[in-house]
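Q: I'd like to learn how to read a few features off a model. Could you walk me through them?

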Amino acid sequence: MKAAVLVFPGSNCDRDMAVALKAAGADVEMVWHKDADLPSGLDLVAVPGGFSFGDYLRCGAIAAQSPICKALVDHVNRGGYALGVCNGFQVLTETRLLPGVLMRNAKLKFVCKTIGLQVETSNSAFTEAFNAGDTVGFPVAHHDGNYTVDDDTLSTLQDQDRIAFTYTENPNGSVSDIAGVLSENRRVLGMMPHPERAVDQGHGGTDGQALFRGLLSQFADA
Amino acid sequence: MSEPELTEDVIAAHGFSPDEWQEVLNILGRTPNFTEMGIFSAMWNEHCSYKSSKKWLRTLPTEGPQVICGPGENAGVVDIGDGQAVIFKMESHNHPSYIEPYQGAATGVGGILRDVFTMGARPIAAMNALSFGEPDHPKTRQLVNGVVAGVGGYGNCFGVPTVGGEVRFDPAYNGNCLVNAFAAGLADADKIFYSAASGVGMPVVYLGAKTGRDGVGGATMASAEFDDTIEEKRPTVQVGDPFTEKRLMEATLELMATGAVISIQDMGAAGLTCSAVEMGDKGGLGVRLDLENVPQREENMTAYEMMLSESQERMLMVLKPELEAEARAVFEKWDLDFAIVGETLPEDRFLIMHNGQVKADLPLSKLSSTAPEYDRPWVETPNAEPLGEITGVNPIDGLKALISSPNYAGKQWVYEQYDQQVMGDTAVTPGTGGGVIRVHGTEKSLAFTSDVTPRYVKANPVEGGKQAVAEAYRNLTAVGATPLATTDNMNFGNPEKPEIMGQFVGAIKGIGEAVSALDMPIVSGNVSLYNETDGQAILPTPTIGAVGLIPTPDAMISDSIRDGHVLLVVGKTDGHLGQSALLAEVYVRAEGDAPAVDLAAEKRNGDFIRANNGMIRACTDLSDGGLALAAFELAEAAGCGITLDMDDTPTLFGEDQARYLVACNFDQAEDLMLCAGRDGVPIAMVGRVGGDQVTFGSHSADLTELSELYRTSFEQAVA
């Protein structure tokens with residue numbers, strides 16, 4: 001699998017994402033936000049966590065206007081895969097590649113801890129290596145992870161089986177405990193918890209490995 | 001614009017004593033102008049000049065084979081093998097945090113991160129040690145909430161994991177909170193950058209954020225006591241921008257890789273003045289600055305304002321002129337300012353020009369090297385009265401009293417607001433004892449801790465100073481690390497009072513003895529004096545930050561206790577209750593002497609833990625709250641009951657030093673005891689792990705009930 005990790009000024013989980021992708025066997029290239037084009041032959045674009053442009057406006061809103069995000073949208077429109085984690089999830093909602101918005105946490109405080117997630121569907125490249133109903137532990141670390149959508153969109157997400165993960169203990173007030181959602185073609189995943197922080201026994205556990213394993217297997221024959 | 005006249009009031013407001021002002025007149029042979037006076041004031045205040053503390057700081061052991069660079073640079077540099085170095089320092093931001101908690105704390109974190117990456121190191125770990133007034137004091141909640149949010153807001157955005165720290169409450173901090181921020185970074189040992197300028201006619205380059213009027217006079221403010229005019233000091237607090245700091249770090253590290261940097265210095269206290277003078281002074285050169293070229297974000301700034309501004313996220317660099325284009329390209333990539341604002345001069349001169357006019361023309365070396373130095377009068381702290389009779393306490397009641405106090409309750413509410421795992425190498429997260437960060441891409445890890453017990457230091461500055469170092473040594477040892485070196489952040493009251501100066505002198509003596517005996521030299525540090533309000537001083541608080549090395553993952557002790565483990569205490573128990581946590585929280589008494597620290601026993605017992613790390617499943621040091629609190633914390637972290645065989649108050653709650661509580665498998669306990677016997681290390685089997693109760697002798701309570709108390713008390717008390 002060939003993957004690109006986008007780097008915005010203020011990204012700070014870009015290296016972590018690259019380390020996790022490489023550990024799973026991917027070829028990884030870092031791509032600067034001012035670039036207008038993604039590398040050719042790309043399977044996955046990963047949008048990492050951090051505080052792009054300081055998150056001084058709405059989180060991810062300025063990053064979504066970067067030249068590279070136009071290329072990201074083209075990549076997804078061509079059927080390409082994309083994974084957005086934390087600030088990356090916020091960027092994906094700001095580019096309208098995923099529905100909804102991440103509001104400030106209900107308790108108005110940053111929250112960092114390892115938290116239980118329930119896998120809601122195994123029907124996606126990102127979740128096929130899990131079983132629906134599995135409970136896994138991923139770290140969260142965010143100030144604005146309160147996922148909010150209107151009722152109609154929520155129904156659509158539920159009807160189309162697009163809720164990838166829910167919190168077993170909601171840390172931020174997200175509607176229906178949603179921790180991660182899929183696009184309609186199931187090739188874009190945005191999630192607040194950090195799978196890339198859970199791929200190593202010596203750091204955060206190994207529950208995140210299955211996510212990367214599932215992705216890699218999707219492209220094993222490619 | 002005409003400058004204000006130098007009236008007596010203006011001179012006094014800049015912090016000059018009459019003698020110091022006379023010294024300025026003698027050096028110049030004339031009366032300085034307003035800008036020149038401001039520059040002298042910025043360099044000669046306590047915060048920048050260490051004029052009260054220098055004499056005593058010089059006595060600290062600062063050398064060792066592991067030390068690459070000791071105090072005097074932006075941070076200390078220590079060898080960790082394989083051509084790598086750890087670079088670290090702790091620094092206070094007390095005064096600003098009390099006036100404006102969020103920004104004060106945030107810029108404290110920003111300042112210490114900058115100190116680390118200025119030397120070429122990428123920050124890999126942060127800690128913070130916080131002291132607040134009593135929980136019920138009307139200002140405490142606002143300070144706790146603001147400071148914790150500020151620390152998190154800056155560090156989280158910057159992207160450095162926070163792996164440890166302390167939070168304490170005592171009425172002595174009602175009028176002065178303490179915010180001590182620690183940062184450590186990683187660099188190649190042969191690629192460290194220093195501040196000494198070299199070469200004449202070399203361009204002096206301004207990097208980073210633009211200069212505004214924020215923080216003008218901050219260092220002078222931080223060198224005075226507080227009184228009822230405190231609200232007027234708010235404009236002296238700087239405003240932090242962690243996003244710019246993150247870009248500045250990335251750009252600086254990229255710039256260093258181009259080979260364009262001759263020397264570099266961050267702009268911290270006293271901003272442009274202090275950074276330019278330090279680079280010139282250390283290089284034996286003069287500096288000319290042309291202030292019209294300084295990037296500015298406010299209009300019509302005067303020379304005085306620009307020279308004294310403490311706007312954040314700025315650096316000053318001496319550049320290799322032939323690499324200017326490459327250097328400029330890096331800063332353009334990161335959308336940061338890059339401006340040539342002056343040059344190095346051959347003569348001893350600090351020449352400040354603004355729009356073609358001379359605004360200051362001073363002998364540069366006189367601003368720094370020959371700043372005033374005092375031998376302040378001091379009196380030895382009198383011996384503490386011995387502790388009177390103590391009636392024993394039901395040990396479960398004693399434990400409940402401790403864990404329901406915000407001093408000893410779980411601090412989840414605090415550290416869950418800090419990103420502990422960014423960078424993907426956090427092996428041990430905050431909670432109890434030291435934090436551990438892996439050295440990326442190697443087998444090695446680094447352990448970090450921050451410690452001091454101010455009650456002890458007040459009762460007995462020498463033993464209290466020793467104890468702070470010894471506890472840091474033990475916290476590093478308890479995760480399997482070999483302590484390498486230390487940074488000291490000395491927080492005290494007004495040094496012009498002989499009894500306060502006596503506390504300082506005593507603590508330095510104790511710290512010096514301990515770092516020498518435990519081979520963890522002081523490589524950096526910071527002094528914060530005048531932590532007084534209306535004449536009331538804080539508890540003497542010499543915070544010790546220390547770093548240790550864990551050579552391989554196998555050497556790390558990081559497991560939880562499990563059913564069937566045996567609990568042993570390594571080290572001798574006498575049951576010292578003087579100045580203990582139990583005495584303070586249950587009896588509300590601050591009596592007796594601090595526990596004595598036997599440095600030879602500390603060394604021996606620490607070496608024993610490291611030598612036998614393979615047999616030890618879990619380990620924690622015994623400190624505040626003694627055996628009872630340590631055993632409970634192990635049980636709580638693992639969600640596993642424990643039984644201790646004893647129930648007497650001195651054994652459970654005494655705070656004798658040089659002790660560890662260790663857990664091992666049943667069949668290894670005997671081996672461990674045999675090894676201890678052979679090495680002459682006191683060891684005693686004290687209990688076992690299992691069940692869902694916490695039991696001390698004949699007294700028990702449900703772990704779940706105690707956990708609930710432990711996990712909610714902090715938030716209830718102060719959040």
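Q: Which residues of chain B does the UniProt annotation "domain: Phosphoribosylformylglycinamidine synthase linker" cover?

A: First, some ground rules: this is a predicted model, where local features need pLDDT of at least 70 and side-chain atom pairs count only at pLDDT 80 or more, while totals for chains, interfaces and linings use all residues. Residues are numbered from 1 along each chain as its sequence is written, chains are lettered from A and ligands numbered from 1 in the order written, and side-chain values use heavy atoms, without hydrogens and water. UniProt positions are given in the numbering used here, feature names are shortened, and annotations may be inferred rather than shown by experiment. According to the unreviewed UniProt entry, the linker domain covers residues 15-51 of chain B. That span is 70% helix and 0% strand, with its end C-alpha atoms 13 Å apart; helices (H or I, at least four residues) and strands (E, at least two) are DSSP runs, numbered from the N terminus.

Q: And which residues carry the annotation "domain: PurM-like N-terminal"?

A: The unreviewed UniProt entry puts it on residues 72-186 and 435-550 of chain B. Residues 72-186 of chain B are 37% helix and 36% strand, with end C-alpha atoms 19 Å apart. For residues 435-550 of chain B it's 38% helix and 36% strand, with the ends 12 Å apart.

Q: At what angle do the axes of H18 and H21 of chain B cross?

A: Two packed helices are described by the angle between their axes and the distance between the axes. Here, H18 (residues 461-478) and H21 (residues 599-611) of chain B have axes that come within 10 Å and cross at roughly 10 degrees. That makes H18(B) roughly parallel to H21(B), a label for angles under 35 degrees. The axes are lines fitted to C-alpha atoms over the stretch in contact, and angles run from 0 to 180 degrees between N-to-C directions.

Q: Is B:Pro61 buried, partly exposed or exposed?

A: Buried means under 20% relative accessible area, exposed over 50%, partly exposed in between (1.4 Å probe, protein chains only). B:Pro61 is partly exposed because its relative accessible area is 25%. B:Pro61 sits in the loop between helix H5 (54-57) and strand E1 (67-69) of chain B.

Q: How far apart are B:Pro61 and B:Pro521 in space?

A: They're 5.6 Å apart, C-alpha to C-alpha, despite being 460 residues apart in sequence. Leaving aside neighbours within four places in sequence, the contacts of B:Pro61 (heavy atoms within 4.5 Å) include B:Gly512, B:Val515 and B:Pro521.

Technical notes:
Angles under 35 degrees count as roughly parallel, over 145 as roughly antiparallel, 65 to 115 as roughly perpendicular and the rest as oblique.
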